[in-house]
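The sequence and structure are shown first.

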Amino acid sequence: MSELSNRRILLIDDMPSIHEDFRKILMPATPQSVELDEMEAALFGAQARPERPLFELDSAYGGEEGLGKLIQALQEQRPYALAFVDMRMPDGWDGAKTIEHLWQHDPQLQVVVCTAYSDYSWDELLDRLQAHDRLLILKKPFDNIEVQQMANTLLTKWQMTERASLQMHHLEHLVDQRTAQFKQASEDLQREIDERKQLEGQLVQSEKLASLGQLAAGVAHEINNPIGFISSNLGTLDGYFNQLRPLFDAYHSIGQSLGGESAVRLQQQREAAELDFLLEDIPLLIRESKEGIGRVGQIVKDLKDFSRVDTQQQWQWANLQQGIESTLNIVASELKYKADLVKDYQPLPDIECLPSQINQVIMNLVVNAAQAMGPERGTITLRTGVEGDNVWIEVVDTGSGIPADTLQKIFDPFFTTKPVGQGTGLGLSLSYGIVKKHGGDIQVRSELGVGTTFRVELPIRQNRLAV
Ligand SMILES: Nc1ncnc2c1ncn2[C@@H]1O[C@H](COP(=O)(O)OP(=O)(O)O)[C@@H](O)[C@H]1O
Ligand SMILES: [Mg+2]
């Protein structure tokens with residue numbers, strides 16, 4: 001018998017004789033029927049024996065007792081399919097009240113109201129119970145066959161309802177499962193698209209860096225030589241000029257002491273050549289040229305760092321916190337008039353890195369943050385922390401923010417929005433290269449007019465194969 005085949009019936013009636021009657025009608029265990037069974041078995045074989053409608057009948061003699069049996073049956077997961085309920089029971093609940101209680105606990109239960117006369121009109125009863133499709137009325141005195149047929153039909157109805165609800169559940173479950181699968185698939189797809197976009201971006205960035213790196217290395221190498229001799233020559237020239245100066249002074253005073261026409265001619269020539277101006281201007285020109293070539297030298301050095309031609313540095317375990325502090329000291333004058341510094345540090349473990357390069361990254365970020373401030377004094381917040389196998393540093397400023405269309409260019413070499421002389425546009429591309437070399441990541445979030453956050457993540461331990 002399948003689980004759905006429920007033959008359990010509950011009879012609730014205060015009259016014991018009614019229970020007797022129902023038992024006879026619904027459970028006629030007569031020898032006759034046993035004989036009949038045997039004959040059928042002989043004729044059709046045990047398997048082909050048609051199933052006789054068997055009922056399991058429980059008795060309760062009042063509404064409360066009936067409810068108790070129903071609750072117990074539910075707890076044992078052997079629910080009743082059908083209840084016959086007498087309408088008029090003088091002690092305790094009447095039929096209508098009993099049915100209300102039964103349905104509160106088991107809305108599936110099919111119910112037959114048995115009555116000879118009613119305290120309610122039928123309309124009133126149906127209205128009160130609000131469940132016309134689960135309720136039949138059986139008027140006393142009743143026919144045996146009527147009761148049997150009701151029981152049979154209502155048990156089948158219970159089973160069909162149960163099966164339909166199980167199938168509904170199953171379908172709902174399937175739909176939920178499918179929906180979840182679709183959702184998962186779509187999330188996976190989105191993630192893949194995002195990853196791809198990010199990878200593409202990184203690829204473009206690292207290709208740009210690689211080709212620019214080679215170019216920069218070549219240019220730096222080529223320029224380094226002339227810079228060397230130009231600045232050395234300027235130094236020498238400065239020296240030579242300083243040697244010549246007393247000579248000019250000597251010529252001048254001797255010329256004046258000569259007197260006469262030669263003194264006048266000497267003076268005229270001196271004026272025509274603007275000797276006084278030249279003597280004043282030449283050292284100035286030399287100084288400016290020295291400064292200029294010094295700047296070129298700095299840019300070439302940045303270029304060299306950027307292209308990583310300088311490989312002398314050593315990987316070592318270093319304390320990032322110390323690096324941050326010393327870097328802040330170096331740039332203190334840059335920050336002093338622009339922003340207040342807020343430090344929000346967590347203790348950091350030593351990390352395996354190229355310390356001077358990491359310092360350079362921090363310096364670039366902090367200087368950029370200071371330069372992003374408007375006329376009003378702002379705040380720069382430095383945060384650090386550990387997450388899994390990484391440490392992170394955040395530089396948060398309350399500066400100008402970066403427009404969305406600029407955001408994708410800021411890591412490009414030579415991209416700058418600053419006036420000539422203030423920005424080279426190398427800071428961030430350099431930093432990007434350094435962080436990538438460490439197997440880390442650098443991210444930026446920015447809101448125009450509100451500020452910018454740069455976040456650098458660095459692995460604590462280097463996986464050298466990847467470097
Ligand atoms: N904290 C920041 N706030 C606003 N803009 C920034 C910030 N950091 C970088 N930028 C933008 O990114 C550009 C590139 O920065 P960077 O590579 O350091 O070069 P530079 O500072 O020499 O211009 C800057 O010119 C600026 O437009
Ligand atoms: Mg910069």
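## Salt bridges and cores

Glutamate 56 is partly exposed, at 38% relative accessibility (buried means under 20% relative accessible area, exposed over 50%, partly exposed in between; 1.4 Å probe, protein chains only). This is a predicted model, in which local features need pLDDT of at least 70 and side-chain atom pairs count only at pLDDT 80 or more, while totals for chains, interfaces and linings use all residues. Residues are numbered from 1 along each chain as its sequence is written, and side-chain values use heavy atoms, with hydrogens and water left out.

The whole structure holds 19 salt bridges, a salt bridge being a side-chain nitrogen of Lys or Arg within 4 Å of a carboxyl oxygen of Asp or Glu. Three of these pairs are tabulated below.

| Salt bridge | Closest N and O atoms |
|---|---|
| Aspartate 13 – lysine 140 | 3.7 Å |
| Arginine 78 – glutamate 56 | 3.5 Å |

Aspartate 13 is buried, with a relative accessible area of 0%, whereas lysine 140 is partly exposed at 24%. Arginine 78 is likewise partly exposed, at 37%. Glutamate 394 is buried at 7% relative accessibility, and arginine 455 is buried at 14%. Because glutamate 394 belongs to strand E10 and arginine 455 to strand E12, their pair ties together parts 61 residues apart in sequence (helices, H or I with at least four residues, and strands, E with at least two, are DSSP runs numbered from the N terminus). Both residues also belong to a salt-bridge network with Asp344, Arg383, Glu387 and Glu457.

The largest nonpolar core contains 38 residues, and Leu365, Val366 and Ile380 have the most contacts inside it. Such a core is a set of buried Ala, Val, Leu, Ile, Met, Phe, Trp, Tyr and Cys residues joined through side-chain atoms within 4.5 Å. Helix H10 (355–371) is among the elements supplying at least two residues, and H10 gives the most, with eight. Another core lies apart from it and has 22 residues, including Met87 and Leu102.

Helix H1 (residues 16–26) has the buried residues Ile18, His19, Phe22, Ile25 and Leu26. These fall within an arc of 130 degrees seen down the axis of H1, so they line one face of the helix; the arc is that of the directions from the helix axis to the C-beta atoms. The opposite face carries the exposed residues Pro16 and Lys24.

Notes:
Chains are lettered from A and ligands numbered from 1 in the order in which they are written.
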